[in-house]
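Dear colleague,

Please find below the structure that I am handing over to you. A short account of the findings comes after it.

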Amino acid sequence: MQNIKLNDGNSIPAIGFGVFLVEPNGPTYEAVKKALQAGYRHIDTAAAYFNEEDVGKAVRDSGVSREEVFITSKLWLQDYGYEAAKKGIDASLQKLGMDYMDLYLLHQPYGDVAGAWKALEEAKKEGKIKSIGVSNMTPRLWKEFTAQFDTVPAVNQVECNPFFQQKELRKLLDEKGVRVEAWYPLGHGSKELLETPAIQSAAEKYGKNAGQVILRFEVQEGIIALPKSTNPARIAGNIDIFDFELTDAEMDAIRALDTGKGTHDPEAPGVGENLATLKVHK
Ligand code: A2P
């Protein structure tokens, strides 16, 4: 597994196992255990995925020591604002059954983001969180919110894949050494993406599947990818991408697939209000 250096000096495995929409009470536990057996050392969960407990239990039961696994979770909107965020951080730690998280993100860019960020900065100083970051920030939201922060985030986790390469955002983040983490790195399994000729031909050449080529492309671009799978063969295959390298021409062919658009627009009217209706606790 390749590690990537963050702007705060910490390092993060380039591929993480995503558990968004993996059911709690069983499926997440099983998937995370399989992922750890397959060699993943980076798990990405969130308060709003309702499966932090399963992730923590799977890590404890896996036989892999806590220090070897990079754990990310995220604060939900309900817990924004300084005081609420302090409690939200402790709730995540308690559910995970851990005394620190490697990375903790503000899951969505709405409401009292600056207050919540202050709580993350303090928790970092206290050692409860090693690295702090944000998520779903477009270039405009990034500029608006981070202007109010004392610390530059280590990452911004956004939708990113060959059809939506976030080129403008990546240029902006590069200036501060901020890494993009990709959710939906495989376009959520989009057939259209997986069957694209530029990807298929590389897959044939290297004896890999289309998903592996896409993940390899992202890692070569310096992106941290968080593929999701509940299929054991694909779980294992998605980290088996460090024994081949795409050429400059192959990289350019995939770079040319960018449409500049994804499935989610954080700036669309009503998105923040809609998301805020989801409650993670009473
Ligand atoms: P499955 O769970 O059956 O493997 P994303 O991470 O972009 O959200 O994509 C996840 C989707 O892509 C899931 O439906 C998953 O299905 C599928 N998937 C995961 N890995 C691969 C792969 N290597 N090739 C094709 N599809 C994949």
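The following paragraphs take up the ligand site and then several individual residues.

This is a predicted model, in which local features need pLDDT of at least 70 and side-chain atom pairs count only at pLDDT 80 or more, while totals for chains, interfaces and linings use all residues. Residues are numbered from 1 along each chain as its sequence is written, and side-chain values use heavy atoms, with hydrogens and water left out.

**Ligand site**

The space that the ligand takes is the largest pocket. Here a pocket is an open set of points on a 1 Å grid over the protein atoms alone where a 1.4 Å probe fits, with protein on both sides within 12 Å along at least five of seven lines; a molecule sits in a pocket if more than half of its atoms lie within 2 Å of its grid points. Around the ligand there are 16 residues, of which L186, H188, S229, T230 and R234 come nearest; a residue is near a molecule if one of its heavy atoms lies within 4 Å of it. By class, this shell holds 5 nonpolar, 9 polar and 2 charged residues (Ala, Val, Leu, Ile, Met, Phe, Trp, Tyr, Cys and Pro count as nonpolar, Asp, Glu, Lys and Arg as charged, and the others, Gly among them, as polar).

For L186, a polar backbone atom is 2.8 Å from a ligand oxygen. For G187, a backbone N or O atom lies 3.5 Å from an oxygen atom of the ligand. For T230, the distance between a polar backbone atom and a ligand oxygen is 2.9 Å. The ligand taken alone exposes 570 Å², and the protein buries 82% of that (accessible areas come from the Shrake-Rupley method with a 1.4 Å probe; for residues, only the protein chains shown count as cover).

**The loop between β9 and α7**

G187 belongs to the loop between β9 and α7; helices (H or I, at least four residues) and strands (E, at least two) are DSSP runs, numbered from the N terminus. G187 is buried at a relative accessible area of 18%, where buried means under 20%, exposed over 50%, and partly exposed in between (1.4 Å probe, protein chains only). H188 is found in the loop between β9 (179-183) and α7 (191-194). H188 is partly exposed, with a relative accessible area of 46%, and has a positive phi of about 55° although it is not a glycine.

**Other residues**

F50, in the loop between β4 (42-44) and α2 (52-62), likewise is not a glycine and has a positive phi, near 60°. Its relative accessible area of 41% makes F50 partly exposed.

N136 lies in the loop between β7 (129-135) and α5 (139-146) and is buried, at 5% relative accessible area. The side chains of N136 and W183 are joined by a polar contact of 3.0 Å, that is, a pair of N or O atoms within 3.5 Å; within protein, one must be able to donate a hydrogen and the other to accept it, and residues adjacent in sequence count only if both atoms are side-chain atoms.

K208 is in the loop between α8 (197-206) and α9 (210-220) and counts as buried at 13% relative accessibility. K208 and D240 are 32 residues apart in sequence, with their C-alpha atoms 9.0 Å apart.

Yours sincerely

Notes: On a 1 Å grid over the protein atoms alone, a cavity is a set of points where a 1.4 Å probe fits but cannot get out, and a pocket is an open set with protein on both sides within 12 Å along at least five of seven lines; lining residues have an atom within 4 Å of a point.
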